[in-house]
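The following exercises are to be worked with the sequence and the three-dimensional structure at hand.

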Amino acid sequence: MNPSAAPEPVGSAPSSSPASASAWTLLDELVAAGVSDVVVCPGSRSQALALAAAELAASGRITLHVRIDERVAGFLALGLGVETDRPAVVITTSGTATANLHPAVLEAHHSRVPVIVLTADRPAEAHGIRANQTTKQDDLYGFAARLAVVVEAPTGESGEQDAARDLARRAYRAATDVLDPGPVHLNLAFREPLSGSFEPEATETAPDVPVATDAVTEAPLYPGRPHLVLERGPRTLVVAGHDSGPAAEQLAADGGWPLIAEVSSGSRFGRNVIAAYRELLREDDYREAVERVVVFGHPTLSREVPLLLQQPQVETIVVAPAGAEVYNPGRRADRIVSSVAVEAGPADRAWLGAWVVGSRERVIDPSPAAPDLDGLHSTTPAERLASVRAELEAVRLPVTREVLVDAVWRATWPHDRLVVGASRLIRVADGLVPGRKISVHANRGLAGIDGTIATATGIALASQADGGPGVTRVLLGDLAFLHDVGALLLDDGVAPRLQVIIGNDGGGTIFDALEVAQSAPGALFDRVQYTPQHVRLEALATAYGWEYRSARTRTELDQAFTAPVTGPVLIEVPLPRA
């Protein structure tokens, strides 16, 4: 029978497949709670869960995503959660499949993104005897799981389906806890028969589970963290790390204070953004003048910010409305609060002006210079020819990292999404691009290169669901791309509007900025740090069925970004190492 088409539940007789009955009931209740996306990885022990998810998708109750690589599946679920603020469910079989989710679970923990992981397991009698595909999966993700429950294999006894519904509601509440959302792990044992027909048990109407929505307008007050009204007077910087949101920009605007807003902060807009903050904080006149810093989110893109916060003359106030862990380098924050405001009064315009002017003087605009209109319209042939030649040379210049970042930033609009990988390019963007109110995402919980394309795919699928507009662009280096190349394998018939833009400098040039690059022998450094690669990316794009473009000049780059995007596109941008 088709469980999704079943009439009112009848009876409570033991099922011919307790595994199917339990799997169906658990997923049915998760969907009732608010789950809209399920990611399935194929496997034997998890077949009851996979088939139940397929039934739910066939009846239109969920969107089903199928991936053969569990690491890709985990980060896809992460991206879906980033965009929707609801947990996606990811299903795996037993054994090594469960371990491959660990990187995504850790990122979800540190970024506080809701995800529900369902790992199938062997029954108790298969453990401890070296049974195939059997390992210790309980508490597999340790501290990262908001809730970890081991469920023994169902037997078909009365009441098991009620217990499954209770567990689903607990899992959803834990994943979406407003003070500390994150991953939940349910380890579900199943024994044969692993799938078959069943009759749902009669159940009482379950209470509604609160669903996270965009309707929450005020930050929650984490226990013990008060609201703070800041007095005017101290020379103040506002620092917005990853996932700070608009509150940081609002404080900077209200206080008239300089705003250091990382590119994935959600705060990089308005007039107070200081792009060249790293250069300024290296200068004594600017750094030593700072008396107070108000920190939002999770700063990860500079060494200058944590060093500043550990200066004895700097008062540090950390704003952390959610999460047990807070950003506190040196463990010397003076105050940890849930929210802040500033008292009424005049702003210190000279303080803000010094930072704005200093930043403007240090940022070089990589956008092409305006054409020499006078020369192009000159009646003197030699002048006109010289101007034409200058224009041709300008458009034929090779792309630099700064030009690439600038072009991507300018091409992205509020209805688009931009995902930036953990590579050298995100740091170039952080020190260059002006304030702009666009949606920028990055996996900065642990700042790993894992799963960048998969995360972006989840963001694209969620943002474009039901006819949503826009393009999702992914900007990353070649090593981050190759690390997640399996994510190029998409569901049949599913073609999100997705541009993967690869700054290809032939290896990990981000390591060239480390101290080791100056002390280690060049050949050894290249072998184990730079790790040169010569992969033909066009061949990869062809193998996975993606459109391919190469952009070696600014003109080709602009053409790539202005061309219509109807599906997945890979854009390779060759870059110099130096």
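**Exercise 1.** How many of the 16 residues of α1 are buried?

*Solution.* The model is a predicted one. A residue is buried when its relative accessible area is under 20%. In α1, 15 of the 16 residues are buried, so the helix is largely enclosed by the rest of the structure.

**Exercise 2.** Describe the order of the strands in the open sheet of 6 strands.

*Solution.* The order is β2-β1-β3-β4-β6-β5, and the pairing is parallel. At the edges are β2 (63-66) and β5 (147-151), each of which pairs on one side only. From one strand to the next, the twist averages 15°. The partner of β5 is β6 (residues 183-189), in the parallel sense, over 5 bridges; V149 has L186 in β6 as its bridge partner. Helix α6 (residues 160-175) packs on this sheet and touches β4 (115-121), β5 and β6. The direction of α6 makes about 160° with that of β5.

**Exercise 3.** Is V314 buried or exposed?

*Solution.* V314 lies in the loop between α10 (304-309) and β11 (315-319). Its relative accessible area is 2%, so V314 is buried. Among the residues that V314 touches are V290, E291, L308 and D334. E291 is 23 residues away along the chain, yet its C-alpha atom is separated from that of V314 by 4.8 Å.

Terms used:
Residues are numbered from 1 along each chain as its sequence is written. This is a predicted model: local features need pLDDT of at least 70, side-chain atom pairs count only at pLDDT 80 or more; totals for chains, interfaces and linings use all residues. Side-chain values use heavy atoms; hydrogens and water are left out. Buried means under 20% relative accessible area, exposed over 50%, partly exposed in between (1.4 Å probe, protein chains only). Helices (H or I, at least four residues) and strands (E, at least two) are DSSP runs, numbered from the N terminus. Two strands pair if DSSP finds at least two bridges between them. Axes are lines fitted to C-alpha atoms, for helices over the stretch in contact, and angles run from 0 to 180 degrees between N-to-C directions. Contact means heavy atoms within 4.5 Å. Lists of a residue's contacts leave out its neighbours within four places in sequence.
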